[in-house]
Amino acid sequence: MTNHEELLVGAVAYSANVVPIWEGIRDFFRDSSTPTDFVLFSNYERQVDALLAGHIDIAWNTNVAWVRTLRRTGGTARALATRDTDLVFRTLMVGRAGSGLDGLGSLEGRRVALGSRDSGQARILPEFFMARAGVPVSAVELTVFDSDVGKHGDTGRSDLDALRAVLDDDADVAAVGINTWQALTAAGDDTVVDLDVVWESEPYSHCNFTALDSLDHDRAERWVTNLQGMDWDDPEHRRVLELEGLRRWERPVLSGYDSLIAAMDAQGISECW
Amino acid sequence: MTLVETVGAVPAGSSTRVPVSGPNDVETVRRWTAATGNTVLMVHPDSVEVLRGRADDPVRALSADRRPGYRLWVYTNFHCNLSCDYCCVSSSPTAEPRVIGVEEFVRLVDEAAAAGVAELFVTGGEPFMLLDIDDRLRHASGVMPTTVLTNAMVWTGARRRRLEALPRRGLTLQISLDSATAELHDRHRGSGSFERAMTGVRVAIDLGFRVRVAATLGADAGDSERELMALLDELGLDDDQRVVRRVARQGAANAGLTVSRASLLPEVCVTAEGVWWHPVAAADPAMKVADDWHPLAETIHKVRDEYRAHRIAGDVLASTFPCA
């Protein structure tokens, strides 16, 4: 536990936007009943270590970092809050429009590009869903892009590298997180019109604010209640919410992590790298 | 001042538009970005899009053999003995021939070599429909490694004799063969074409040519690729003597992969009507780069610049992703 009056939240610096996001959240909490400050980490492994060591009170974790924290605490870690968008996260398989590919079953023998080995959306879950559909990675011609390892796919870099492989005819399909796809389509990227979604996963849960069981439960509850006071219709709040990619902070749905837990078990992914 | 404030407020890897009111302003922005480690992405009528920081050159990031201008494609003609239903340029016996004559072809190849082109691909139509295609191929293969795409079905009479006289060194015959049996191949390329193509493959191998087999597969191909690979094993063709590509929705094809300048890695392609982004779309007006191939080096640079702008813009988008 930290000894400060302020709750200390850890986040990973995956892009320059992280600074204005967390300065905005810190300012939002300034006059609340749960003043909050933040520290940034270079990767999720270091952040999870800091949470377990009591250097931070709360960690803004990816789904992979959450599962690792859960394992390392014997299942006692708590998920406090999540983005609305984290409750309906999906992985998509995207190929060139007109490819005729449809569903995971159609990928057998084809060239599949996956992202970073520590990305739930770009690698771990696509491999899991493929195996479950009877098309394990051994049944395809696999290309992987281990870009920005340590960031758990946050930068979107490996999604883009995989998509680029499709455009350059080095792959037939690429696995991408729905956030990457939506960002490309929303931005009107002119390459997107030549791409098409071949398959879409079931929804699963993504990031959450993780705390150890030792964090005072009342204090944590007040912090979450305050956090949920961020209002999309308030221009100051909205600036932060838009940068962070949500409209509302929600309570986590833990069953949404079941597929990732099963995937990490099946693939023998260790508790830390 | 506006320039410094506008660009200075943007994080590295993101872009912003700096307002300009004429060529002098544009030049000022260019000089400033060059001196301060920033990058001009695009010049718009009333603004210049500037990337904060230096952008990695996407062209340099490609392996040498994939950089635009490494390969040059030339459509010597557009008429063909076949009317394949997926032909990306709608070639057929009745197609307007649009021939690049021997003299112009020779000039083009020489200029290509001077522009740094390292490999030539000659295609059509069916190039061997031209009785004097051998003159072109003899010159080209003496200048740089040359591949000619063919259906291998017209090598009879004088054409056969001219084929036999072609050099083996520096020349590859890339023969179209879509499947290991007639059914799929003939469905798209015409009845009896499989047997004649197979005969052509064997003739080319027996004559000592370097042969590559290229299959064009559509949505109905199923797992035919596996059988085709087994056949190519039997013919003794190595991995680098096999090409499998998917049908593109271009020309006669009413289904297939969608392509555009923004999404396709360019391979500069010359026809009698001008220069195109890629040979798979050499009849698509949206893919036309220039009306005239000369000067070729300048045209290649133009293609590289456009590709560079597409790629950098895509990478800038990456930095805007709302993630965790």
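Guide: A definition comes first: helices (H or I, at least four residues) and strands (E, at least two) are DSSP runs, numbered from the N terminus. Please also keep in mind that this is a predicted model.

Visitor: Understood. How many helices and strands are there in chain A?
Guide: Chain A contains 9 helices and 11 strands. Its radius of gyration is 19 Å, close to the 19 Å given by the globule rule for 273 residues, so chain A is as compact as a globular protein of that length.

Visitor: What does chain A span along its principal axes?
Guide: The C-alpha trace of chain A spans about 55 × 40 × 30 Å along those axes.

Visitor: And what share of chain A counts as buried?
Guide: Of its 273 residues, 58% count as buried. In chain A, 77% of the contacts with a separation of 6 or more are between residues 24 or more positions apart.

Visitor: What about the surface of chain A?
Guide: Chain A exposes about 10,400 Å², and 47% of that area is supplied by carbon and sulfur atoms. The chain carries 25 positive and 45 negative charges, whose mean positions are 2 Å apart.

Visitor: What percentage of chain B is buried?
Guide: Buried residues make up 51% of the 324 residues in chain B. Among the contacts in chain B with a separation of 6 or more, 67% involve residues 24 or more positions apart.

Visitor: And its surface and charges?
Guide: The accessible surface of chain B is about 14,300 Å², with 50% belonging to carbon and sulfur atoms. There are 36 positive and 43 negative side chains in chain B, and the centres of the two sets lie 2 Å apart.

Visitor: What does L72(B) touch?
Guide: Leaving aside residues up to four places away in sequence, L72(B) touches several residues, including L108(B), A112(B), V117(B), L120(B) and F121(B). E119(B), V268(B), V270(B) and L296(B) are also among its contacts.

Methods:
Residues numbered from 1 in each chain as written. Chains lettered and ligands numbered in written order. Predicted model: local features only at pLDDT ≥ 70, side-chain atom pairs only at ≥ 80, totals over all residues. Heavy atoms only, no water. Contact = heavy atoms within 4.5 Å. Buried < 20%, exposed > 50% of the residue type's maximum accessible area, 1.4 Å probe, protein only. Areas by Shrake-Rupley, 256 points an atom, 1.4 Å probe, with all protein chains shown as cover. Lys, Arg positive; Asp, Glu negative; His and termini not counted. Charge placed at Lys NZ, Arg CZ, Asp CG, Glu CD. Rg over C-alpha atoms; globule rule 2.2 N^0.38 Å.
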